[in-house]
Amino acid sequence: MMTAIPDVKAFFDEPTNTVSYVVSDPATKKAAIVDSVLDYDPKSGRTSRDSADAIIAYVKEQGFEVEWLLETHVHADHLSAAPYLKEKVGGTLAIGSYIRTVQDVFGKIFNAGTEFQRDGSQFDRLVEDGDTFKLGGIDVQAIHTPGHTPACMTYVIGDAAFVGDTLFMPDYGTARCDFPGGHAGTLYRSIQKIYALPDETRMFLCHDYKAPGRDTFEWETSVGEQKRANIHVHEGVSEEEFVKMRNERDATLAMPTLILPSVQVNMRAGHMPPAEDNGTTYLKIPVDAL
């Protein structure tokens, strides 16, 4: 049987180097929104919704019905706009079931208190490895691909795989593994699960930073191209070699600019922490914690 081919529209947010996607079934006009962005200015603490509004305008222009709001993981580099999108266009908000592990770890780091539930209940659906569901008439398969974070999921929608931060373009490599709960050996094994997909599977990435010598942003590749050419983990690279390279590289990297605001919002499914008794919402900056 022929694999279904969804339409994929990318929305690139250059301030965070993040790519969000609207994935749609041409036959039914049902759509999923993957890894949305809430605009956030770290200097002022102000939010805006220009990025999300561009997605909403496209969805309405195309006449799509949004069935799913898919998060590949708890992002450390941008805030999710999922609650705003759900309010405006609907959809079931889903993330990998290991969000509970992330909530437990970061709930302690941010001293979130007993009112912060660590059971994933802020999301509509917690997805397990191997789960299948439908986007319109197209089959969707969830693959648990941890290593960057414990909760990372890859969503295979027809012939298209949305891999989050697990892999970048072949000339840029792979995700860092030094956040709490990350592990380079686990990432290597997760990538092998992705590499087991058909070579012609289209692969859509959550970020691009322009590799040295490349002047354009790019976010679409394929399983076959990654296996042949990924500079960190092409065919023939052993797990031991990869772990050594990844750990040495991670030791040189600074924390992402938005990790502290992003994680405490995204672990709440894109909701801000509860307002305090003066009616203002605050984001915490834990000192010397990461």
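This is a predicted model: local features need pLDDT of at least 70, side-chain atom pairs count only at pLDDT 80 or more; totals for chains, interfaces and linings use all residues.

Biologist: Which residues of helix α3 are called buried, and what makes them so?

Modeller: In α3, residues 99-109, they are Ile-99, Val-102, Gln-103, Phe-106 and Gly-107. Buried means under 20% relative accessible area, and these residues are classed as buried on that cut-off.

Biologist: Why are the buried residues of α3 said to line one face of the helix?

Modeller: Viewed down the axis of α3, the buried residues fall within an arc of 125 degrees, so they line one face. These buried residues pack against β7 (92-96), β8 (125-127) and α7 (259-266). After the helix comes Asn-111, with a positive phi near 45 degrees.

Biologist: What makes the largest cavity a cavity, and how is α3 involved in its lining?

Modeller: A cavity is a set of points where a 1.4 Å probe fits but cannot get out. The search of the whole structure finds two cavities of 30 Å³ or more, and the largest holds about 90 Å³ of space. Its lining has 13 residues, and nearest the centre are Val-102, Phe-106, Thr-149, Phe-179 and Pro-180. Helix α3 gives the most to this lining, with four residues; α3 and α7 each supply at least two. Val-102 and Phe-106 are also among the buried residues of α3.

Biologist: What is the volume of the largest pocket, and why is it called a pocket?

Modeller: About 620 Å³ of space lies in the largest pocket. The term pocket applies because the set of points is open, with protein on both sides within 12 Å along at least five of seven lines. Of its 30 lining residues, Thr-16, Asp-77, Tyr-209, Pro-256 and Thr-257 are the closest to the centre. β4 (39-41) and α6 (239-250) each supply at least two residues of the lining.

Biologist: How do you know that β3 and β6 pair, and in which sense?

Modeller: Pairing requires at least two bridges. Strands β3 (residues 30-34) and β6 (residues 65-70) have five bridges, in the parallel sense, and therefore qualify as paired. Within this pair, Lys-30 stands opposite Glu-65. Helix α2 (residues 82-89) lies across β3, β6 and β7, at about 165 degrees to β6.

Biologist: What makes β1 and β8 edge strands of their sheet?

Modeller: The open, mixed sheet has six strands in the order β1-β2-β3-β6-β7-β8. Its edge strands, β1 (7-13) and β8, each pair on one side only. Neighbouring strands are turned by 25 degrees against each other on average, direction ignored.

Biologist: Which strands make up the other open sheet, and which are at its edges?

Modeller: Six strands in the order β9-β10-β11-β12-β13-β14 form an open sheet with mixed pairing. β9 and β14 (220-222) are the edge strands, each pairing on one side only. The twist averages 30 degrees from one strand to the next.

Biologist: What makes β9 and β10 a pair, and how many residues lie between them in the hairpin?

Modeller: Strands β9 and β10 are joined by four bridges in the antiparallel sense, where at least two are required. Two residues lie between them in the hairpin, and Gly-136 in the turn has a positive phi of about 60 degrees. Strand β9 has Phe-133 and Leu-135 on a covered face, Thr-132 and Lys-134 on an uncovered one. Phe-133 stands opposite Val-140 in β10.

How values were computed:
Residues are numbered from 1 along each chain as its sequence is written. Side-chain values use heavy atoms; hydrogens and water are left out. Buried means under 20% relative accessible area, exposed over 50%, partly exposed in between (1.4 Å probe, protein chains only). The arc is that of the directions from the helix axis to the C-beta atoms. Contact means heavy atoms within 4.5 Å. Axes are lines fitted to C-alpha atoms, for helices over the stretch in contact, and angles run from 0 to 180 degrees between N-to-C directions. On a 1 Å grid over the protein atoms alone, a cavity is a set of points where a 1.4 Å probe fits but cannot get out, and a pocket is an open set with protein on both sides within 12 Å along at least five of seven lines; lining residues have an atom within 4 Å of a point. Grid points are joined across faces, edges and corners, and a volume is the space filled by probe spheres set on the points.
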